[in-house]
Amino acid sequence: MTNTQKWGIVAEFDSARAIYQAAEKTTAHGYTRVDAHTPFPVHGLDKALKQGPSPLGWLVLCGGITGICLAQLMMWWMNGVDYVMWVSGKTPYAWETTIPITFELMVLLAGITAVFGMFGLNKLPRLHHPIFSHKTFWRVTDDRFFLSIEATDPKFDSVQTVRFLESLGGKNVAVVED
């Protein structure tokens, strides 16, 4: 006996225009846990789905600033405190001479933050997603557009939501189980 629960409902659409209009009507109808799956980027679809901007840029900025601070702290400690060396009467630590290393560490930490921040925000790695069990979802990489509404949506009703997506022109509308 398997213990399955509903993950959501998936509907297939024929064109970018159809998925865009369906996304607008779905969010206007009050659904909030909606996502679109397309073979190529559809301009404005994120706004139609009322998705906000990604916080990844702020994470990368914090990673870069952390890299700057760590590089300056490391070189101040190494050159000005731990192993002081006076060369030609110049001060042991001068921030101007640390710029190349600071830049490199900033780029390194910003890049690492970008990669792992993307993994975290996208909830990766996830080797299998329930939406993959939809019978025609494999066409999303070729020529079809899909709209999914998760069961965690407050307005979700397995019967009414199916009817709603069919009224928008959705084909192969199916309940997907987790």
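## Pockets and their linings

A pocket, as the word is used here, is an open set of grid points with protein on both sides within 12 Å along at least five of seven lines, and its lining residues have an atom within 4 Å of a point. In this predicted model, the second largest pocket is lined by Met75, Asn79, Tyr83, Met85, Val87, Lys90, Thr91, Pro92, Tyr93, Ala94, Thr97 and Thr98. Its volume is about 210 Å³, and its lining divides into seven nonpolar residues, four polar and one charged.

The largest pocket has a volume of about 1,100 Å³, and among its 26 lining residues Asp35, Leu121, Asn122, Lys123 and Glu150 are the closest to its centre. Strand S2, helix H4 (99-121) and strand S3 each supply at least two residues of this lining, with S2 giving the largest share, three residues. By class, the lining comprises 12 nonpolar, eight polar and six charged residues.

## Domains

The protein is divided into domain 1 (6-39 + 143-177) and domain 2 (56-121), whose centres, taken over C-alpha atoms, are separated by 47 Å. Each of the two domains contributes at least three residues to the lining of the largest pocket.

## Nonpolar cores

The largest nonpolar core has 22 residues, and those with the most contacts inside it are Phe13, Leu49, Leu147 and Leu165. At least two residues of this core come from each of strands S1 (6-13), S2 (34-37) and S3 (145-150) and helices H1 (16-28), H2 (45-48) and H5 (160-167). A second, separate core of seven residues includes Trp7, Ile131, Phe137 and Val176.

Leaving aside neighbours within four places in sequence, Leu49 is in contact with Ala23, Thr27, Val34, Asp35, Ala36 and Leu147.

Terms used. Residues numbered from 1 in each chain as written. Predicted model: local features only at pLDDT ≥ 70, side-chain atom pairs only at ≥ 80, totals over all residues. Heavy atoms only, no water. Domains from an automatic or database assignment. Core = buried A, V, L, I, M, F, W, Y, C linked by side-chain atoms within 4.5 Å. Buried < 20%, exposed > 50% of the residue type's maximum accessible area, 1.4 Å probe, protein only. Helix = DSSP H or I, 4+ residues; strand = E, 2+ residues; numbered from the N terminus. Contact = heavy atoms within 4.5 Å. 1 Å grid on protein atoms, 1.4 Å probe; cavity = no way out; pocket = protein on both sides within 12 Å on 5 of 7 lines; lining within 4 Å. Points joined across faces, edges and corners; volume = space filled by probe spheres on them. Nonpolar A, V, L, I, M, F, W, Y, C, P; charged D, E, K, R; others polar.
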